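Hi everyone, thanks for making time. Let me put the structure up, and then we can walk through a few spots together.

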Amino acid sequence: MAIPLLDLAAQNLPLEEEFVAKFREIIHSSRFILGPEVEKLESSCAELSGAKFGIGVSSGTDALLLALMALDIGPGDEVLCPTFTFFATAGCISRTGATPIFVDACPVCFNIDVADARKKITSKTKAIIPVHLFGQSADMDLVMDLANEHGLKVIEDGAQAIGSTYKGKPVGGIGDFGTFSFFPSKNLGGFGDGGMLVTNDEELYNLAKILRGHGSKPKYFHKFVGGNFRLDPIQAAMLSIKLPHYERFTENRRSNAAYYLEEFLKHDGFVQAKESDCCCPETKAQPAEPKITLPVVYEHNGHIWNQFTLRVHGEGRRDALKAHLVEQKIGCEIYYPVPMHQQECFQDLPPQACPIAEKLATECISIPIYPELNTEQKYLVINSIKDWLALG
């Protein structure tokens, strides 16, 4: 039995009739740019993220870029961001002409190491972008304390974390801006690219909304040089159909994660990461290294499990496990094989030490966690990894 990393058809096909009916409705309306479908999704996503305002945009990447533009980040500025994340976070900083300053990762939750961020602040630092990686919130109290202390703007990159929470607060609505992605593989995935920018600041909302449409208000009168960052109403409508099911999708992911953790921990060679070993509160304790370390959910977080990520210890062993899983036709992926500070396009920047991220890049591998994963499939995933461990 082949088990994919993600089965989009299993989630989308049961809603096919609703999708097709809505698609026909939009065709007949001939309203193909913005409009009520986008406004409906904007309102829903703002509520989901605990924000007052939402702005539908063309991708999660463009949400980040739009946030940076609205905050007037540009040449000469520095922005703190994790090195252990997807390229878009750092790439958008560079596109504004600002300089990404790469921050190391926590070995337990994989999120930004705020203590390391503090060490890298200079007089040029204007903002910090915590990424809520794999569906679990970064330590937003520490991020906000640091930002307030140094007068920094905060953009929450929630591309993988819409609907997750930090101490009961939805992510996205805590900083100055929150950004989300509706890329098909995300927990709330569309049928192409799409994204959302949220904020509680009405002035920033109004500015970002103008910048979304080439900086014009009214039409053809351009106050700023903006971009074409509009979300298509077809994407918005499809996402609005999926949104009422999103809580069930999330609970299924959580149930799958709990099953994995319970079953893996019955066997030698697996331990679960400990919240007490988190580097975020200033100390960087190193957890003991068994053969495989399982992820942990911090008690104060509502994890949505965009990924279930293992740390496979020992030189070359992560890649060996991947080869085994591929041979067994079990979907897996490495997030992320090269930290941002080691990417070729950033080699003109001063060297930035991020040793934990470099280690994670050689150890991390993600396995199927999608909501429609059934018990038999989970059993096969678990036993395939157990069998690999037994081989030594």
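One term before we start: a residue is called buried when its relative accessible area is under 20%. Please also keep in mind that this is a predicted model.

With that cut-off, let's take Ile 73. Its relative accessibility is 7%, so Ile 73 counts as buried. You'll find Ile 73 in the loop between helix H4 (60–70) and strand E2 (78–82). What is Ile 73 in contact with, leaving aside its neighbours within four places in sequence? The partners are Leu 68, Val 79, Thr 96, Ala 98, Lys 126 and Ala 127. Take Lys 126: it sits 53 residues from Ile 73 along the chain, yet their C-alpha atoms are separated by 7.3 Å.

Lys 126 also forms a salt bridge with Asp 77, with the closest N and O atoms 3.7 Å apart. That pair links distant parts of the chain, Lys 126 being in strand E4 (residues 125–128) and Asp 77 in the loop between H4 and E2, 49 residues apart. Are the two partners buried or exposed? Lys 126 is partly exposed at 34% relative accessible area, while Asp 77 is buried at 12%.

The structure holds 12 salt bridges, so let me show you another that I like. The side chains of Glu 363 and Arg 311 meet at 2.7 Å, N to O. Glu 363 belongs to helix H12 and Arg 311 to strand E13, so this pair ties together parts that are 52 residues apart in sequence. Here both ends are buried: Glu 363 at 3% relative accessibility, and Arg 311 at 5%. Glu 363 is listed with Ile 356, Ala 357, Leu 360 and Ala 361 as the buried residues of H12, and these pack against strand E13 (308–312), helix H11 (317–327) and strand E14 (364–367).

Now on to helix H3, residues 36–48. Its 13 residues reach 18 Å from first C-alpha to last, close to the 18 Å expected at 1.5 Å a residue. Buried in H3 are Glu 37, Val 38, Leu 41, Glu 42, Cys 45 and Ala 46. They cover an arc of only 160° around the axis, which puts them on the same side of H3. The face turned away from that buried side carries the exposed residues Pro 36, Glu 39 and Glu 47. What covers the buried residues of H3? The cover includes helix H2 (16–29), strand E1 (53–57) and helix H8 (202–212). Glu 37 turns up again in a network of salt bridges with Lys 22 and Glu 25.

That's my tour; happy to take questions.

How values were computed: Residues are numbered from 1 along each chain as its sequence is written. This is a predicted model: local features need pLDDT of at least 70, side-chain atom pairs count only at pLDDT 80 or more; totals for chains, interfaces and linings use all residues. Side-chain values use heavy atoms; hydrogens and water are left out. Helices (H or I, at least four residues) and strands (E, at least two) are DSSP runs, numbered from the N terminus. The expected span of a helix is 1.5 Å times one less than its number of residues. Buried means under 20% relative accessible area, exposed over 50%, partly exposed in between (1.4 Å probe, protein chains only). The arc is that of the directions from the helix axis to the C-beta atoms. Contact means heavy atoms within 4.5 Å. A salt bridge is a side-chain nitrogen of Lys or Arg within 4 Å of a carboxyl oxygen of Asp or Glu.
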